[in-house]
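Q: I would like to learn how to read pockets, cores and helix faces in a model. Could we work through one case?

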Amino acid sequence: MGSRASTLLREEEIEEIKKETGFSHSQITRLYSRFTSLDKGENGTLSREDFQRIPELAINPLGDRIINAFFPEGEDQVNFRGFMRTLAHFRPIEDNEKNKNPTASEPLNSRTNKLLFAFRLYDLDRDDKISRDELLQVIKQVQKRLSLCFLG
């Protein structure tokens, strides 16, 4: 499967994704291999169902919220580029990244972008506000998942 991943991802795409996300060449090729293994339809995109088969997301109390973060409004598929953009929010913050190029846009893993990403996990109706009901819904999801984990 490693050879399939390396043959389908062009060097120019890897370089563009590196610049946009901050991932290294080897991280991108490894994540592409993982992406293609998750792509059960073999159509170059992932569905929500593909994500739900990931055990770590299945047991995560916020798994549904994390999965939804990969899909723009009204979309039910995500391509590799979108997948990588979302994953970039989970990269550790590197304080020296902004110093590399002061005219570059803020990295996807900046404190500000991480905060916005986390906010969107709780803003269930995407109205740029977290209502009491939205917060309670997320808390209930967490409680439900935790009780399933501990009570079996």
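Predicted model: local features only at pLDDT ≥ 70, side-chain atom pairs only at ≥ 80, totals over all residues.

Q: Which residues lie nearest the centre of the largest pocket?

A: A pocket is read through its lining. Here 22 residues line the largest pocket, and Asn-68, Ala-69, Phe-71, Pro-72 and Arg-126 lie nearest its centre.

Q: Which helices and strands each supply at least two residues of that lining?

A: They are α6 (63-69), β2 (77-79), α7 (80-88) and α9 (111-122).

Q: How many residues of the lining are nonpolar, polar and charged?

A: The lining of the largest pocket has nine nonpolar, five polar and eight charged residues.

Q: What should I look for in a core?

A: In soluble globular proteins, nonpolar side chains tend to be buried together. In this model the largest nonpolar core has 23 residues, and Ile-28, Leu-46, Phe-51, Phe-70, Phe-80, Phe-83 and Met-84 have the most contacts inside it. At least two residues of this core come from each of α2 (11-21), α3, α6 and α7. The largest share, five residues, is supplied by α7.

Q: Which residues of α3 are buried?

A: In α3 the buried residues are Ile-28, Tyr-32, Phe-35, Thr-36 and Leu-38. These residues are on the same side of α3, because they cover an arc of only 150° around the axis.

Q: How does the reach of α3 compare with the expected value?

A: Helix α3 (residues 25-38) has 14 residues. From first C-alpha to last it reaches 20 Å, close to the 20 Å expected at 1.5 Å a residue.

Key: Residues numbered from 1 in each chain as written. Heavy atoms only, no water. Helix = DSSP H or I, 4+ residues; strand = E, 2+ residues; numbered from the N terminus. Expected span 1.5 Å × (residues − 1). Buried < 20%, exposed > 50% of the residue type's maximum accessible area, 1.4 Å probe, protein only. Arc of directions from axis to C-beta. 1 Å grid on protein atoms, 1.4 Å probe; cavity = no way out; pocket = protein on both sides within 12 Å on 5 of 7 lines; lining within 4 Å. Nonpolar A, V, L, I, M, F, W, Y, C, P; charged D, E, K, R; others polar. Core = buried A, V, L, I, M, F, W, Y, C linked by side-chain atoms within 4.5 Å.
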